[in-house]
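Take a walk through this protein with the structure open beside you. We begin with the whole chain and then stop at a few residues.

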Amino acid sequence: MKEISRRDFLNGAALTIAAGLTAEAQIAIPGRYPPALTGLRGQHDGSFETAHAHARDRARFAVDHVPAEERYDLVVVGAGISGLAAASFYRRAVGREARILILDANDDFGGHAKRNEFTVDGHKLIGYGGSQSIDSPGSLWSDTAKGLLRELGVDVARFETAFDRTLYSSLGLSRAVFFPAESFGRDVLVPGDALLMPGNEVTRSPSNARELSEFIDAMPIGSDSKAQLLELYDGSRDFLYGRNIDQKRQILKSTSYRNYLTRICGCNGEVADCFQGRTLGFFGLGCDGVPAADLRDHGYPGFAGLGLSSVGGARSEPYIYHFPDGNASLARLMVRALIPGVAAGQTMEDVVLAGFDYDRLDGNRPDANRLDANRLDGNRSGNVRIRLDSTCVDVRHAGDDVLVGYVRAGQTHRVAARHAVLACFHMMIPHLMPELPAPQREALAQNVKTPIVYTNVVMRNWRPWEALKIHSIAAPMSFHSSVALDFPVSLGGYRHPGDPSEPMCLHLVHVAGEPNRGLTAREQFRIGQSKLLRMTFADFEAKIHDELGRMLGPGGFVPDRDIAAITVNRWPHGYGYVENSLFDPENYGDTLLRARQKMGRVAIANSDAGGDAYAHLAIDQAARAVSELVG
C-alpha cells in the first residue's frame, strides 16, 4: 500500500475523518484554524446546503415558535468585509458598548476575502483565496472607505516598498500565453505576450514582451489568422468607417467583443479564440459575453483607428496595494479591532503573521458555543461576537425588535435585536425576508453572482518558471484561464520567496460558464454555479495536474513530484453581478437602488448593493446601511 503523505492526509484522509463527526462535534473542535485547511475551500461543504434547502423549501427551517435566546443592538448577517465594516461603523455611531452579533454560514470570517496558509519544507507561504487587492485607492476609494483604512492603521504608501515591482522582470521573466492542443492543434506556450498590456503590468514592468509580429509568428495559428490578428493592431484601420461617433459607441455597447472581431473586423474564429477567455478573470465572462465597449481601455486590439476618445475605464494606479493574503488582512484588522484579545498587535504589519484565536470569536468562555436562554442580554465581557457556521434563514420585524433566525449544527435558533444589517448575498435576501415588497424582492434576485475558482497550488520550487522565462500564463481556451506566480509582497515579517529554489504559491483562476451559446450573463452564471457544485476536489486536482504539466513540463515541471499542496477556493457565488449593456436595460441602476432599500429596522449592505465586486464598495454600502439605521 502506498504510504499516505502529509499532503494526502490534509487533502483527503482528514476530511474523511471529519465527515464522520456530527455537525456539533465538527464545530466544537478546539483550536481549529480554517486558514490552514487545504483541499476544497471557499464556499466549502457545509456552508451552503442549508441556504439551498431553505430557498427550495422555506418551511423546512420554520422558526415561528423558536424563542429569542439572546438580545443585541445589532445583528449583522454576513461576516465579509461589508458585514465587518457595518459592525465597525455601527459601533462608532452608537458607542463601544453596543452589543453586536455577526452571523456567517462559513467556517471562517472574511467572506470572499479568504486567507490560505501553507508550510512547506520549513517555509511559510500565505496566499489569497478571494478578494485580491485594494484597487486604486487614490481614485476609486471614497473618503469613508479611506477613513476606515486609516482607523485600521493601513497606510497604502507602505505597499510602495512592500511590493517588489522588479523581482520577476529582473530575472528576465515575462507574461506568456498557452495555446492548448484541443483548440489550436498542439500545445504551445509562447512567452513575451504582446497581445495585451493589462493595466496592472506596471507592477512588473518592464514586461519583457516580444515585438508584436515576432510573438504572433510564434503562435500556433494559420497564416490567415496571423494576418487578421496583425491588422487588428493597425491604428489606421477604422473597422466602423462610415458611422458617426454616437453610432460607433452604440455598436460597441450592443456587440460582444467576439462578435466585433468576427462580424465587424472580419476575423475568423481562431483569432477570436486567442482572446476568448482572457476576459474571464475580470468580467467573469468570456469575450462572447463582454461588450466591445468595455474592452476599449483594457488593452484589447481593434479600436485604435475608430477615432473615439478614452472612456477612462483603465486603471492609472499601479496594482500593488496587496497584502500577502489579499483583502483577508482587512477582515483580520477589523476583527482584531472589534474583538479585543482575538489576536495580538495593532498595525498593518503585525496582522500579517498574527495568530488568531477562533475560540474567542463568539465569546471568551469555553462554553461560548452553547446557546443558553440565560444569555438573553448578551455577554458583557465581549460586546461583539462573530458566530460562524451559522446560516440565517429568517429575518422579520416583531414590534420594536428584529428577530433573526438561523441554523447552526442542524439546530434552529433565534436572536432579537434593535437593528439588523443584511450584508449577505442579495439573491438570498428574498428568501430571508418575504415581507419585502415584490418589486424589491425581484430586484434583489437579479444579482446572480459569478461562479469563480481561485486555486492556490504550492510548488516545491519555481525553477521551471525561471527556465521558461515566464511569471504568468494567460490560457484563453483552457480550464484555467490564468496561472501566475504569487504577487511579490514582503510585509510584517513575511518574506516573499525571491529565490527560484524556494517553495512558491501559484494562483490559478477558473470561471465556469457556458460560452458561445447565445446565453445571457445570468444564464451562464447559473449553469456555471451548477457545474462548480458538482465538481469534487479530485476533479479539480486532475485538471490542475493536467494543465500545469502541459504548460510547465517543458521547463522540467513534474506534477506528482513538484506539487506540495493544493487549496481550491470554490466560489459558486463569487463576484457580484455587474451591469452588462448586452443584457441589461439603460436604467439598470434603478434596480440597484430598489434592491437596497431599507425596510423598518433592517438595512441592506454588501458589495452587491454597489453593483460591483470591490472591497471599497462593500465598505461604502456598509456605511450607507448603518447611516440609514442610526443616522
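**From the whole chain to single residues**

Among contacts in the protein chain with a separation of 6 or more, 72% are between residues 24 or more positions apart. Contact here means heavy atoms within 4.5 Å. This is a predicted model, in which local features need pLDDT of at least 70 and side-chain atom pairs count only at pLDDT 80 or more, while totals for chains, interfaces and linings use all residues. Residues are numbered from 1 along each chain as its sequence is written, and side-chain values use heavy atoms, with hydrogens and water left out.

The protein chain has 24 helices and 17 strands. These are DSSP runs, numbered from the N terminus: helices are H or I with at least four residues, strands are E with at least two. Of the chain's 631 residues, 58% count as buried. Buried means under 20% relative accessible area, exposed means over 50%, and partly exposed lies in between (1.4 Å probe, protein chains only). The accessible surface comes to about 24200 Å². Carbon and sulfur atoms hold 50% of that surface. These areas come from the Shrake-Rupley method with a 1.4 Å probe; for residues, only the protein chains shown count as cover.

Now look at two helices. H5 covers residues 143-151, and H24 covers residues 615-630. They pack at an angle of about 100°, with their axes 9 Å apart. The axes are lines fitted to C-alpha atoms, for helices over the stretch in contact, and angles run from 0 to 180 degrees between N-to-C directions. H5 and H24 are therefore roughly perpendicular, a label for angles of 65 to 115 degrees. Which residues meet? Thr144, Ala145 and Leu148 in H5 touch His616, Ile619, Asp620 and Ala623 in H24. By class, this contact has four nonpolar, two polar and one charged residues. Ala, Val, Leu, Ile, Met, Phe, Trp, Tyr, Cys and Pro count as nonpolar; Asp, Glu, Lys and Arg count as charged; the others, Gly among them, count as polar.

Step back to the loop between strand S5 (123-128) and H5, where Ser136 is found. Ser136 is not a glycine, yet its phi is positive, about 50°. Is Ser136 buried or exposed? Its relative accessible area is 1%, so Ser136 is buried.

Next, find Gln276 in the loop between helix H13 (269-273) and helix H14 (280-283). Gln276 is buried, at 6% relative accessibility. Its side chain joins that of Asp288 in a polar contact of 2.7 Å. A polar contact is a pair of N or O atoms within 3.5 Å; within protein, one must be able to donate a hydrogen and the other to accept it, and residues adjacent in sequence count only if both atoms are side-chain atoms. Beyond four places in sequence, the contacts of Gln276 include Pro476 and Asn516.

Asn516 has a positive phi of about 60° and is not a glycine. At 42% relative accessible area, Asn516 is partly exposed.

Two more stops remain. Asp107 sits in the loop between strand S3 (100-103) and strand S4 (115-120). Asp107 is buried at 9%, and its side chain makes a polar contact of 2.8 Å with that of Arg41. Tyr406 is in strand S10 (residues 401-408). Tyr406 counts as buried, at 0% relative accessibility. Tyr406 and Val63 are 343 residues apart in sequence, but 8.4 Å apart in space, C-alpha to C-alpha. The side chain of Tyr406 also makes a polar contact of 2.9 Å with the side chain of Arg387.

How values were computed. Parallel < 35°, antiparallel > 145°, perpendicular 65-115°, else oblique.
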